[in-house]
Amino acid sequence: MDTIQEGKGKYIIPVMMGLILAAVKITCSTIQFNYLLEDFKASYIIFFISLALGIIVIVLSGLMQKKRLGANAILKNIFQGVFLTIVIGIFLSYTYEQVWMYADSSIADSIYKGQTQYLKSYPNSAEQLKKLEQQYTQSRNASFSFVNFFTGLMVDIVRYSILGFIFALVISRKKQVQ
């Protein structure tokens with residue numbers, strides 16, 4: 001008889017939580033793209049809300065995986081589950097964001113407009129505005145590249161994986177019996 005650790009049910013929770021993570025991040029991205037791009041501060045607020053909700057889903061995934069595995073829950077098993085959650089969630093949400101940004105060229109204009117308005121409130125912002133103008137020009141002239149897509153995707157996965165490893169480490173700790 002297969003145990004959960006070895007068997008078929010080992011990845012049910014991480015896959016389900018990965019889909020939930022993707023849904024949360026896609027919802028936040030949709031709100032941001034539709035309503036908040038020109039307001040740089042509000043855009044950052046929705047980014048941090050998305051990050052916080054993502055962290056909650058990742059932690060819940062680790063806790064649910066630990067509960068499912070019971071006494072067999074070691075760091076390796078919990079991190080495998082958390083990592084799978086991260087890979088599924090980030091891949092789906094990142095792909096969604098990139099497709100939307102590639103299909104709708106007005107997004108880059110809105111982001112540029114919001115950043116420009118935000119930088120104008122800073123004293124001596126002329127140099128920052130000049131850098132922003134250069135970045136905007138480069139991004140407008142850049143064509144889609146799978147290398148850039150996968151580089152950005154891997155950076156996001158690594159960032160979340162570092163957090164996921166820390167959470168898995170904390171979750172896998174066993175309480176000492178006195």
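Predicted model: local features only at pLDDT ≥ 70, side-chain atom pairs only at ≥ 80, totals over all residues.
Local features need pLDDT of at least 70 and side-chain atom pairs count only at pLDDT 80 or more, while totals for chains, interfaces and linings use all residues. Residues are numbered from 1 along each chain as its sequence is written, and side-chain values use heavy atoms, with hydrogens and water left out.

**Exercise 1.** State the secondary structure of the protein chain.

Solution. Take helices as DSSP runs of H or I with at least four residues, and strands as runs of E with at least two. The protein chain then has six helices and zero strands. In sequence order the pattern is α-α-α-α-α-α.

**Exercise 2.** Locate the largest nonpolar core and list the contacts of Ile 58.

Solution. Such a core joins buried (under 20% relative accessible area, 1.4 Å probe, protein chains only) Ala, Val, Leu, Ile, Met, Phe, Trp, Tyr and Cys residues through side-chain atoms within 4.5 Å. The largest one has 19 residues, and Ile 58 is among those with the most contacts inside it. Helix 1 (12-36), helix 2 (40-69), helix 3 (75-103) and helix 6 (146-172) each give two or more residues. Helix 6 supplies the largest share, seven residues. With contact meaning heavy atoms within 4.5 Å, and neighbours within four places in sequence left aside, Ile 58 touches Leu 21, Val 82, Ile 86, Tyr 160, Gly 164 and Phe 167.

Notes:
Buried < 20%, exposed > 50% of the residue type's maximum accessible area, 1.4 Å probe, protein only.
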